[in-house]
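Me: I'd like to go through the charged side-chain pairs in this one. Can you walk me through them?

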Amino acid sequence: MTQSLRGADIVMRTLERAGYQRIFTLSGNHIMSLFDAALETQLDLVHTRHEAAAVHMADAYGRLTGEPGIAMVTGGPGHANAVSALFTALGQESPLVLLSGHTETDQLGRGGFQELRQAEMAAPVSKMSWTARDPETLGEDVAKALRIAKSGRPGPVHLSLPSDLLDARVADNAIRWPEAGAFAATPVPLHDAAADAVLAILAGAKRPLLIAGPQVSNRSGRDLLARLKSTLQVPTCIMESPRGFNDATLGAFADLVKQADLIILLGKALDFTLKFGAPPAIDPACRFVVIDPEGAIVDRAARERGGQIAFACIADTRPAGETLLRRARSRSADPGWMQEAQACFGDRPQSWSTLASQTPGKLHAVEVFRALKPYVERDPDTVLICDGGEFAQWGQSVLPVVPRRIINGVGGSIGSSLPMANAARLVEPNAPVIAVLGDGTFGFHMAEFETAVRRNLPIVAVVGTDARWNAEHNLQVRDYGRDRAHGCELLPTRYDRVVEALGGHGELVERAEQMQGAIERALASGKPACINVMIESIPAPLLRG
Ligand SMILES: Cc1ncc(C[n+]2csc(CCOP(=O)(O)OP(=O)(O)O)c2C)c(N)n1
Ligand SMILES: [Mg+2]
């Protein structure tokens, strides 16, 4: 007798074959066959309280491991909830695959249950988005999704799975299992001649700068940049903040970039974060080298800066960096420029070391991060996640850029840090996982503390409670006047008690000297913890105008 498998079994077994152990999910009618099929595999279903949280978890997994995270949600409303989170992953070039259940094929166009044009809905926020058509080829669909997510510029990919395809039985000999190579990224190398041309241009530059894109903002990417810096003798940085030149992490970047005579964009799109490369922010005599996995991005740079482009080519970012290193000859760089760059990146106002709160019962943001700093620094594997408005900006400027730091990213979408911290805890079982977020931001996914308690994921969330959506409040004050600020008020809520009620550990901090004890107890509790710090409502630090 011929054996057979359900479409759902083919999907789950393909993921298992690809080496996966975990899927981030939330149940729903269209995907219960996949839940059932998971029982025949070693796959662990980590389920969340909102579909966007499942996607944010897959995003964090992708950023930390470099392999696509897998999110699985139900069709219609589940898919709609999940799509918002793809925006963050797309902006931050994070590889992930979103698998969404979907109305039965024969109900399409007839008002089927939770019918929605899902692939169209996900298309603008993913690298590729499609609906599976045949049960026989479901495995190939999954492999293709994984391959696209990590090829070229990494990013999210969406695949909708109609429930009738998942329920269909396919005879063993009709199943089209993907070839072993079908999971691997399709490489686009930087050829030696191209690398030599770039190095020759670099040799002629006096004040070069290498700016990389968000995809290198994890440990291996930062390591690559450090090697490029020391071998090529060129200052390097990652532009991954929607604040662009005002990214507090980059110190006096605006002063530095203004002086550059050559900017090498290594997998960094010439976009708003770089003021489109235009003067006066960047010298009109500055030349650009563009190395990017996407032809469209190379094209765009050429349209923006035409005559300033000294060289441009299509190549994968990390392998291109390695090729440059391999082809590099010793370069006699100006040590003054390297030192100046170092000083600019590290530039922080002296006054910060003594800043203190002027308000009884509330801390200055700097006091919070001064206390947190040694805990972030003491373990090289620490994962630090910064999320939200002004409070998190202070965090990003005062705390060190540890190799495993995660920020909202170029997309500037707030709210992902709690699910991301949970995913980071699964990836990193020992070192501290610390999320730094505003009180408004805390509300997006506070129910994920239930996920953390249920799954025994001891994270520490440091929440700056200023009873405000302060970043937006500050925009109102700046652009419309103090008397026209409204619609951004919150309550000074006891988020620490919310977390206690969900089974975690809570700390309330109202004075600077309480910080250290609160951090120690939170870490020692072994539970998911929230340190709720009452803070002064102050604007984000602005290092340069
Ligand atoms: C998904 C999303 N919604 C809204 C915004 C706009 N926004 C940016 S920062 C911010 C305020 C954040 O408030 P909070 O977390 O309390 O931090 P604070 O600025 O008060 O320190 C808002 C509403 C955004 N960037 N992303
Ligand atoms: Mg706030």
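Me: What do the side chains of E507 and R521 form?
Reply: In this predicted model, the side chains of E507 and R521 meet in a salt bridge at 2.9 Å, N to O, the term meaning a side-chain nitrogen of Lys or Arg within 4 Å of a carboxyl oxygen of Asp or Glu. E507 sits in strand β18 (residues 505–509) and R521 in helix α21 (residues 515–525), 14 residues apart, where helices (H or I, at least four residues) and strands (E, at least two) are DSSP runs numbered from the N terminus.

Me: Is E507 buried or exposed?
Reply: E507 is buried, at a relative accessible area of 8%, whereas R521 is partly exposed at 44%; buried means under 20% relative accessible area, exposed over 50% and partly exposed in between, with a 1.4 Å probe and protein chains only.

Me: How many salt bridges does the structure hold?
Reply: It holds 31 salt bridges.

Me: Which residue does K150 pair with?
Reply: K150 forms a salt bridge with E67 (3.2 Å, N to O). Because E67 lies in the loop between α3 and β4 (69–73) and K150 in helix α6 (residues 138–150), the pair ties together parts 83 residues apart in sequence.

Me: And what about numbering and cut-offs?
Reply: Residues are numbered from 1 along each chain as its sequence is written, and chains are lettered from A and ligands numbered from 1 in the order written. Local features need pLDDT of at least 70, side-chain atom pairs count only at pLDDT 80 or more, totals for chains, interfaces and linings use all residues, and side-chain values use heavy atoms, leaving out hydrogens and water.
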